Amino acid sequence: MRAAFRTSWRAALLPVVVIVAAQVAATVTQLESDSLASPLAIVAAFFSVLKDGSLMRASLDTLMAAFCGCVIGVGAGSLLGILLGLFRLADDALDLTIELLRPVPVVALIPVVMMLLGFGARMEIVIIALGLLWPSVVLARTAVREVEPRLMEVSAVLQLGFPARLSKIVLPAILPQLFMSLKLAAGYALVVAVTVEITANPFGLGYGIMMAQQALRPAEMFAYLIWIGVIGWLVSLVLMAAQRRFFPAFAKGETR
Amino acid sequence: MKQLSMQKLLLGLLGLATFILVWKVITDFKLVSPIFFPSPARTWTALLKGLAGGPLLAQTLETVQRMLLGWLLASLAGIMLGALIGVSRRARAFIAPTLELLRPLPASAMIPIAIAFLGFSDQMVLVVIAFGALWPMLLATIHGFSAMEPRLYEVSAVLGLSRLQVIRKLALPSAMPMILASLRLGLTISLILAVVGEMLASREGLGQSILLASRSFRSADLFAGIVILGAIGLVGSGLLSLAEQRLLRWQAVTR
Amino acid sequence: MSMTRMNVQAGQVEMASPVSHAAEPRIRIRDVTLSYGALQIIGGISIDIAPGESLCVIGPSGCGKTTLLRMLAGLARPTSGAVELDGSALGGPDRSVAIVFQDYGKALLPWRTAAGNVSLALEARGCPARERPPIIRELLEKIGLGRHADKYPSEMSGGMQQRLQIARCLAQEPKVLLMDEPFGALDAMTRQALQDEVLSLVATTGATMVFVTHDLEEAIYLGDRIVCLQPNPGRVGRMVDVRLAHPRDQLVTREDPEFLRLRRELYDLIKDDHQ
């Protein structure tokens, strides 16, 4: 109990000092700036965007796009990855192509998708899904390859058909890895969503923070920034808790 | 064994040929309008033309330079700061939790902040790249240091190694696998942020180039730019793989 | 040195310098205690160890064998009392005191070859780069790893890794060699081979050895004296002199009636503690 308190005050010291110092500095210098804001002004700006509903609307837009992109990207990627993991021949045939497509940075696809679909949620979802596709393929493929070979032999001896093999052996065996893949993807989806919004899409939290900057409202800009951080943190917290709940052994074994 | 990899290579080339063929069929039969989706041949021509006499080569160099400069800055700062924080248990207790808290923050969310301070400038883009790529390296170095086998700290005490020797000879090599993985991640982030920065701040480079190509519906130029960006990523990760093979030889023999 | 020991065995007590009567002990453990909070691990241990002596420490698990050794290495501080090396108090780790850990897998640098691991000890004491290779080669030869200088620890068997750790300790040119159940994880054949090598190394370098083990026969085979610790808190239960001829031999020594008698005596001692 006391040890826990000791670690937590140490952890809290740095942020608290920074915030207090920032407030003191802002008060002493009577800060008036287009790029800086005092902590109190940021809190005030946060409540004002919270009250007029713009923050919640932007959050929902971003989260919905990230969620849909995540489901589509991880779903399609995992499916492809499982097939490649099961069928060596298909893997050999597609490996080179995938290795060549994988390094294309996802933001390079923004202009293409923008040209095809214009602005809006659809374009953002497609880019997020494309960004998550290859990592999901790779993780699912590795997971399938690492399924205990004995289990595969068991399924062969039992003469399970392909659907039965998939649903009774492979999927249950790789479920923990698939969840980890989803966990990683969720964080990345949020990053891609905000990036797309800042770069191109007039939509969501990324656009919100960009507009606050353009309108020279630094307090609002920092409020958005912190809020984006909080959302990212909450999402990872929820998924971590879910992982601990459903795959306790796996969560512990995972490094870090 | 050799035959097997030969077969793999042939199959891979066959797969790639099929991919390009499907692409060609789609454009030949105009399943997607050629305004948006160029044929492989048109992309290839645009690529050659752009690299030979056109602006593509200069833009590529611009983007690569931006990416590498930001990445190097981030790597140096990340590993040095990480070593300083990681080597002291007390510094870790005070600083690491705050860094963990900031970790999920998307690097691109810092762009507006950087714009507020530096405007739409080259420095702004560089700062964003360096800042975004800093996190993985900083955290990986700290984690690598704290994950060092405690027995090795005792060995260093018994041998009487100085603090600097402990960092150079024990902690850094022991954290090396994590650091190298983060260098790879950092390079990916650097390329992404270089492109985003160029798009946003209209700086010379491939990011701006593909954005302009898409706005004026020059789809062949757009795809040529994307091909080059993919190639940059491919070469970068290939070079890092080579470095990994050399530096982590001791790990390879374990497996 | 072996002459002296022979004399001890023959009963000429006035020549018995390795055993407790030496004028200046190499290590003096003076009424040492160690507690973690309210829990006392070690409760008042005093032992003098003569230069060149080989002292084995046995006792049931939890009697503080390893803790005692860590205090001798300067890795743990006594709560009260002191450890003295050549008459001056040991304030922390000292290069002239080397320690071989049981978990060789953790104590070696996996990213350095055998030669590199030995080199670490030379680097630590500031040996110039030019002078290192011949020293490393000689040490590896001496410990039987001459042909494996370029191998990484992960390419070596457990016995080879433990040899490597011993070689690194020798590179410290230690006056005192501490060994914490070094052969506990090795198979019987390897263990016997290493026991003999350690004995000959100690004899040629003249180092003082403190050897912790849970294997009674190993303790008798290697020791000039054996200290039996008792648990809760750890303290000296019994000190036993080993009057067996040097050099020792795996077959002859182990069949010596004195060996068998000692084994019986120690076995009864340990058994009582376990009840």
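## Basis of the description

Two strands are said to pair if DSSP finds at least two bridges between them. Helices (H or I, at least four residues) and strands (E, at least two) are DSSP runs, numbered from the N terminus. The model is predicted: local features need pLDDT of at least 70, side-chain atom pairs count only at pLDDT 80 or more, and totals for chains, interfaces and linings use all residues. Residues are numbered from 1 along each chain as its sequence is written, while chains are lettered from A and ligands numbered from 1 in the order in which they are written.

## The sheet of chain C

In chain C, six strands form an open sheet of mixed pairing, in the order 6-7-8-3-9-10. Its edge strands are strand 6 and strand 10 (235-241) of chain C, each of which pairs on one side only. Strand 6 of chain C pairs with strand 7 (residues 176-180) of chain C in the parallel sense, over four bridges. Ala98(C) stands opposite Leu177(C) in strand 7 of chain C.

Helix 2 (residues 65-72) of chain C packs on the sheet and touches strand 3 (54-58), strand 6, strand 7, strand 8 (208-212) and strand 9 (225-230) of chain C. Residues are in contact if their C-beta atoms, placed from the backbone, lie within 7 Å.

## The domains of chain C

Chain C is assigned domain 1 (2-90 + 178-270) and domain 2 (97-173); such bounds come from an automatic or database domain assignment. The C-alpha centres of domain 1 and domain 2 of chain C lie 25 Å apart. Their contact takes 17 residues from domain 1 of chain C and 11 residues from domain 2 of chain C. On the side of domain 1 of chain C that touches domain 2 of chain C, the elements giving two or more residues are strand 7 and helix 7 (188-205) of chain C. Helix 7 of chain C gives the most to this side, with four residues.

## The contact between chains C and B

This contact takes 22 residues from chain C and 16 residues from chain B. On the side of chain C that touches chain B, strand 6 (97-100), helix 3 (104-107) and helix 4 (114-124) of chain C give two or more residues. The largest share of that side, four residues, comes from helix 4 of chain C.

By class, the side of chain C that touches chain B has 14 nonpolar, two polar and six charged residues. Ala, Val, Leu, Ile, Met, Phe, Trp, Tyr, Cys and Pro count as nonpolar, Asp, Glu, Lys and Arg as charged, and the others, Gly among them, as polar.

How values were computed: Two residues are in contact if their C-beta atoms, placed from the backbone, lie within 7 Å. Axes are lines fitted to C-alpha atoms, for helices over the stretch in contact, and angles run from 0 to 180 degrees between N-to-C directions.
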